[in-house]
Amino acid sequence: MKMEFYVRIVLQFLLFTLLCEDGCAQVFNLSLSVEEGLPAKTIVGDLSVGLPAQTQSSGFFISESRDSDVFRDFEIDGDTGIISTAVVLDRERTDKYEFAAATLTGEVIKVSIEVKDVNDHSPVFPVKTIHLNVSELSPPGTRFELEGAQDQDKGDYGTQGYRITDGDTRKRFKVEIRSSGGGTFNLDLILLVRLDRETTDFYSFTIEAFDGGVPPKTGQMQVHITVLDENDNQPVFNQSEYHAVLLESAPLMTPVCQVFATDPDLGSNGRVTYEINRRQSDPNEFFIIDSSSGIIRVNKLLDYENQSFFELIVTAWDSGIQPESSSTFVSIKVLDVNDNHPNISILFLNEAGAPKVSEGAKPGDYVARIAVSDPDLGDNKKIDVFLQGEDGMFSLKSTDDFLYVLFVVGPLDREIKDLYELTVTATDFGSPPLSSEITFQVQITDVNDNPPVFDQNNYEESIPEDVREGTALFRVKAMDRDLGGDSGIIYSIVQTEQEHLFNIDPTSGLIITAAGLDHERETELRFLVVASDGGSPSLSSTATVTIHVVDVNDNKPIFQQQFYNVTVKEHTAVGTCILQVTAIDADDAEFGSVRYSIYDGFSSKDDNPFFHINSVTGEICVSQDIDHEAGHVTFDLLIKAEDQDGLGSQTFVHIDVEDVNDNAPVFSPEKYVTSVSIHAQPGTELFSIFASDRDSGNNGKITYELLPGDSASLFTVDKSTGSVYLRSTLSLLRSSSVKLSVSAQDGGGMTAVHPANITVNILQSDQPPAFFQKAHYTFSISEDAPVGSTVGLVQAVTPANSVEVVSYIISSGDLQGLFSVDAQTGIITTARPLDHESLSYVILTVQFHTGTHPIYSSAQVNVSIIDVNDNPPVFPKTAEHITISHNTPPGTALFIAHAHDSDSGLNGRIHYMLRPESHLFIIHPHLGTLMLNGNLSRDSSQRYELSVIAEDEGHPSLNSTLGLVIEIDSLGSVEDTLAFETLVYQVEIGEGAPKDTRMIQVRAHGTRSQHEASPRTVPTVITYSLKPLSGVPPFRIHPETGWMFVSHSLDYETEPMYRFCVCAKAQNSKTEATATVVIMVQDENDNKPVFSRDMYFFSVQEGPSPRGLIGTVKATDRDSLNNGVLSYILLSDGKYFRINTRTGEIINLVALDREEQAQHVLRVMVTDQGRPRLNTTTIVRILVTDINDNPPQFTHLPVTKEINVQVIILFSRFFFFLHFII
């Protein structure tokens, strides 16, 4: 050992010497590392690595001694420089080794060996077990700081966290790591829930610490927690009541009874003391209690006669800092000898203290407390108490010897028995025994234990669908056995889709319609009615109501179209069906079967000769041959569809007969004769020929053509009108007459079989005739023009050298003689006052002739009579009076003012005004409807006087005034009232409406004010009736529904308007309401035109020229408007005559020749403009009188012989040359 020591000293000295020789030796650093725990002989490194490259070393000297830590833990080969472990290293013992090594050549190596850590240590708690005391009142979240576990490893191998591994099954605690600085981590134990010592007073569990190794190493610590007691429990008596019996002779300090209470708390918290509550019991301190034992003793002498019963309240307290307590009752009876009858006292256990009990009381419920007492109870110290009259419904139960409770034992039912008479008898046990009894009546009070019960579970009724809104249908009835139950029942309807159709009176159960029913929409309605009583809680029951909506024939068949147009060719084969009409009836099959007929518009079927209809299919077919030329141009059929009860609707079928070209033009007449002056100018219209074609349209459109012939080039004919004109002058013509032929062709190409033959006689005259400047004149004149005012000037042109006098006349068009024409000047003037409202225009025909020559010319004059504002608006009456209810709501129509102005245009347009202006009333400026604009309840006036002014829009305007008085019926503010939906109903109906036609439904509603904030509707049974103003109107009203029907036939021509009142009256009440109904009868074309005569006769002279106006036919029609507008049509002889379609004037168009035709028979038809048109025909006979227009003729000369005889006839200053051709 000494040798080694010396060697180490020498080496250290040598190393020191080398290092200190002014840095002559080179020093190198070598750092090595090795993990702890590796086995011995583990190579750590090589010293030669620390030398520079290329350095040769033959050995190393180590600076450490052999007993140093370096040589203890490592083996260093001095020759090779290899360092290896000699033992298993432990970082926690030595974590670093440092030494120096020197070579023989003088180099020095500083060696540093670091021992690396491995997870070779577990966390270790400073203690294995820890004890904690935790108060049971510690709140959740309380933290307990604990010292953490230590791990000799470092870094990730040190302690990483903590967890509770076992023992805390109910999760009452948790641990959290807490940094303590310096790289150490302690932990907190956290209380999660409040503890209860009385439930669990001790907890034991393990806290485990773990490091970061894989797998981790752990350490455990056992935690024992003792739950500390707190005063959180009050004492609890072992009995809720204590009972004791004591003789009144008991001496002082005699024990009476012992109370006992326990407290689960510990120590002073659970130590119980007792005291008597003197404030609530035993204020005179007859008894005392031992505070520790709970023994109650007599404190004062007792006197049974003064007080035989004591009820003590004993309180038990614990001894906590804040003590808890509880109380119990101690009943003490004092016994005495038997020298008095028992006393009975009853206390009824209800708020009123009355002898009654609810029928809803359950078995065991207390009714009364019965106290019995006897100053002398005898040896037995008790009283026998029993009950009579209970019928098994009541019983007595003894709570002690002196107290009894009367309680219910059987089910009470007031509806079976509502009063019990009970007797309580008390008998003591003295000798002899004494008894007392008390009789009392216990009334059974009602509870709502019976729901209302309907007398039927299902109500089923069949109701016709035409019942009106508000009709009472039937009543449902429910009964309630509870007291006053029937009177308190409220009826209602469960909300369903049908709820809006029905209402139910909540008191009576009367079911009333709330809206119209419709079998076509719903054949069956089902809903629930509920009967609820007035109890609390309310009980109810339901019944099912089934309403079968019985179909009534309330739907008439409806045509798919209101108007049909169809075209059929004439001569269509009989039996051909041309159209099918269809009507749909929404009623069921019983009422919905539809039959069709051709209707005459009134009440019977029309046997139309040309068409018939299939009553089932609605097909319209041809019944017989139709000839367009026979006048069958159009047919207007009225088709009626009826169901089995006669409800029907109509449609119109307009049939146009399509013409076929089956007729050729025919001249009528075929021969024409006229005269023309030789001085007539080219373009002069001579006359018109006329050909007719029975066909229509293009087939009846005729074109005329002048056929070639001698002198035909001098004339021309208008192809369209047939007017013959002079084409060139006739001055070179030597012949006295010209023969012309004209053909006629229709649009289908057919030509007249016989052309028209025209003879034009050429009148030789020295002077040419006069003619009008224009063929048509148009004038206008105001209706207020005075008589004699000039209308206009017509003027004929005469040759400059003519000495003939032109004479003007009005030949036709002026039936009333309103105009005249100056014969010489042609000035037309007014002859009588004009009235636009009677006649707005006239068409005059003015003719003239010259000198003695019977040559006429004519012109048409149209005169328009201009309207002036000469008629003011006129009211039917000058004053009206109406009465309205005080409760009439704003917006109600009160009155319709109507004035008529005969003027036209702006002069006849009326607007209405109200004077004075009112905030309560307004009037529509055009319709004249007076409306309520405000609330009458806010106005104290009972009468209003207004003026309705009707003013036209003429210049200047004219007006008239209607005085209107409005009175307010104030009863509505304090009584139940009725009010119609509107005060004025206006309806229009055709005069052809059949009997029982339904027109309009009037409805009134009941309102009840009674000073409420707003009126409310009251279900009231209302009856309706008519109240005529004058005469009995041809109408009736259904008393329940308010529907109005036609009761008698109407006639617009007799009575165009009806005005009457309808009255509504509430049943079982004097309340009434009235409204005005205005029925405007609409005119229908139900009157044919009627001629003023059955036949007309006229006469006219023959002559070479037309004679103009022959006469006038006149017809009247009682209908109005278009139904009364008449048109005249000439059905025959269109050659010689025409007729003015408006005035009926018959005018001669062609010169008449008596020798050709001495009499003309015309057929004239007059037709109105209604739908369908109605017409009448008459016969006009015209006699042609003779004039001397034919020379004598020799009857025996040959036809080819001609004798020229010139006869000179001298009359005074004139002479004539007559030339005869025989």
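**The cysteine link**

Modeller: Cys-577 and Cys-621 are joined by a disulfide, with 2.0 Å from S to S; the term covers two cysteine sulfur atoms within 2.5 Å. Keep in mind that this is a predicted model, where local features need pLDDT of at least 70, side-chain atom pairs need 80 or more, and totals for chains, interfaces and linings use all residues. Numbering starts from 1 along each chain as its sequence is written, and side-chain values use heavy atoms, leaving out hydrogens and water.

There's 1 disulfide in the structure. Its S-S torsion, between Cys-577 and Cys-621, is about 75 degrees, so the link is right-handed. It ties together distant parts of the chain: Cys-577 sits in strand 43 (residues 577-580) and Cys-621 in strand 47 (residues 619-622), 44 residues apart. (Strands are DSSP E runs of at least two residues, numbered from the N terminus.)

The two ends have their own surroundings. Cys-621 is buried at 6% relative accessibility, while Cys-577 is partly exposed at 38%. (Buried is under 20% relative accessible area, exposed over 50%, partly exposed in between, with a 1.4 Å probe and protein chains only.) As for Cys-1061, no disulfide includes it, and its nearest cysteine sulfur, on Cys-1063, lies 8.9 Å away. Cys-1061 is buried, at 14% relative accessible area. Cys-257 is buried too, with 14% relative accessibility.

Strand 1 runs parallel to strand 7 (residues 108-116), over 9 bridges; pairing takes at least two DSSP bridges. Within that pairing, Val-27 has Val-108 of strand 7 as its bridge partner.

Key:
Helix = DSSP H or I, 4+ residues; strand = E, 2+ residues; numbered from the N terminus.
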